Amino acid sequence: MAFNDSWNRRTFLGTLGALVGTIFSGRKAFAFPGGKAASVSGFGATGNVYEELGVTTVINGQGTMTVLGGSLMRPEVEAAMAMAGRHFVSIPELEVAAGKRIAEMLKLPEGYGALVTSGAAAAMQSGLAGILTGDNPKFIEQLPDLTGMKSEVIIQKSHRNPFDHQLRSTGVKLVVIESRDDLKKAINPQTAMMHFSNFADTEGQIKVEEWVKLAHENQIPAFIDAAADTPPVSHLWDYANMGYDLVAFSGGKAIRGPQCAGLLVGKKDLVAYALLNNSPHEDTLGRSQKVGKEEIVGMVKALESYLKEDHEVLNKEWQRRLDFISGQVTKIPGVTTSFPAPEIANHVPHMHIKWDSARIALTPREATTALRSGKPSVVLSSGEHGEALSMNSFMLQPGEEKIIARELVKVLKSHAA
Ligand SMILES: *Cc1c(COP(=O)(O)O)cnc(C)c1O
């Protein structure tokens, strides 16, 4: 063991140290455009690979959006991923070992395990696939042809969302219900699973605790999509403790793990069946959702770091950034701000910015367009219906709140009467 440890450490400080050093200095150069990364020549030599490709980087005041790259990994996650990339291993063995470590870190209840997937969407697809097939090799090869298997998943109408495509991809039919009475009528021998979208909890007639209770009264496994539902960090184990059979999380959102990683937490047998339906196993539905050794290891590290973080301090810093921007923009006559934090998903400080349209001739949508096409480019949201300028600050890099305040003041003032 001692030999192994020192060998590993030496490997890290030697060849790998150089590689990690490159990543870190690359980061630095990236933060200060124009700086040179030490040991990369050719592509990446400037330290800004995006600029070299002619792709504009943006200041992200919108949050953990996959379309903007999700979140930025912590340096120690990048380092762990680089270490993972130095050796060959059995991926199924690594998946099981990483899942065991994650289950211990999260102090999951007895009988629960975890699996690193390529994202929460992949966790939904392979989790359901596992419920449908069990460990039957014929069924696993057969999906999405459901002959011989159960074929229906029950979901509340207000819980439908674009990500239920991942459920439908297994071949199941979604049975949409609204009331408890509808649910009673919908349950039949073909019902494979009852699905809950956690962000929609307040909208459905049946709430999160009752949903799992009703599922279990009818011997049906319950799945909860909690992809963007950390913070609070306790959500990582709350739904397992509530009894949900399977829970999906994104790795590349607030947890700041690898962008192409997610987590399936659940009953050990179901988690094992999910892995059988996933890469590296061939002739499976999930073979297209490959998760690499780097992502698996990176996810373990990201969770370790995330659990150690002082979430109260972070929350205060996120609020301070918004308060700073608010202080600057509300100096403009007619501009007001408010702070409505979402209850469940993306539960972090948010800010709405509104203005008197008689004083400032600009719609929120026009404001986001102007900010996005500015230099530097700033991404804020204008709400689903363009009702107000909306932003959060948990994905901002140090100092970017000052740039957002400056750009916002510029755009608003240029349209003031
Ligand atoms: C982001 C998200 C997903 C997909 O997660 P990935 O990790 O990007 O695959 C699924 N459901 C909800 C509600 C989400 O917000």
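Biologist: Which residues are buried in α4?

Modeller: In this model, which is predicted, the buried residues of α4 are I91, L94, E95, A98, G99, I102 and A103. Each of them is called buried because its relative accessible area is under 20%.

Biologist: How do you know that the buried residues of α4 line one face of the helix?

Modeller: Seen down the axis of α4, the buried residues fall within an arc of 165°, and therefore they line one face of the helix. As a general point, an α-helix has 3.6 residues a turn, so residues three or four places apart point the same way.

Biologist: What makes E93, V96 and K100 exposed, and where in α4 do they lie?

Modeller: E93, V96 and K100 are on the other side of α4, and they are called exposed because that word stands for a relative accessible area over 50%.

Biologist: What covers the buried residues of α4?

Modeller: The cover includes the strands β2 (112-117) and β8 (262-267), together with the helices α11 (268-276) and α12 (293-308).

Biologist: How do you know that the span of α4 agrees with what its number of residues should give?

Modeller: Helix α4 has 15 residues, 91-105, which at 1.5 Å a residue should span 21 Å, and because its end C-alpha atoms are 21 Å apart, the two values agree.

Biologist: What makes S90 a cap for the N-terminal end of α4?

Modeller: A side-chain oxygen of S90 lies 3.2 Å from the backbone nitrogen of E93, and because a polar contact needs an N or O pair within 3.5 Å, that distance meets the cut-off. Just after α4, K107 takes a positive phi of about 50°.

Biologist: Why is S279 called buried, and where does it lie?

Modeller: S279 lies in the loop between α11 and α12. Its relative accessibility is 3%, and because buried means under 20%, S279 counts as buried. Leaving aside residues up to four places away in sequence, S279 touches T284, G286, R287, Q289 and K290.

Biologist: How many cavities of 30 Å³ or more are there, and what volume has the largest?

Modeller: The count comes to 1 cavity of 30 Å³ or more, and the volume of the largest cavity is about 60 Å³. It is lined by 13 residues, of which A228, T230, K253, A254 and N346 are the closest to its centre.

Biologist: Which residues lie nearest the centre of the second largest pocket?

Modeller: Of the 48 residues that line the second largest pocket, M65, F199, A228, A345 and N346 lie nearest its centre, and the volume of this pocket is about 1,500 Å³.

Key
Residues are numbered from 1 along each chain as its sequence is written. This is a predicted model: local features need pLDDT of at least 70, side-chain atom pairs count only at pLDDT 80 or more; totals for chains, interfaces and linings use all residues. Side-chain values use heavy atoms; hydrogens and water are left out. Helices (H or I, at least four residues) and strands (E, at least two) are DSSP runs, numbered from the N terminus. The expected span of a helix is 1.5 Å times one less than its number of residues. Buried means under 20% relative accessible area, exposed over 50%, partly exposed in between (1.4 Å probe, protein chains only). The arc is that of the directions from the helix axis to the C-beta atoms. Contact means heavy atoms within 4.5 Å. A polar contact is a pair of N or O atoms within 3.5 Å; within protein, one must be able to donate a hydrogen and the other to accept it, and residues adjacent in sequence count only if both atoms are side-chain atoms. On a 1 Å grid over the protein atoms alone, a cavity is a set of points where a 1.4 Å probe fits but cannot get out, and a pocket is an open set with protein on both sides within 12 Å along at least five of seven lines; lining residues have an atom within 4 Å of a point. Grid points are joined across faces, edges and corners, and a volume is the space filled by probe spheres set on the points.
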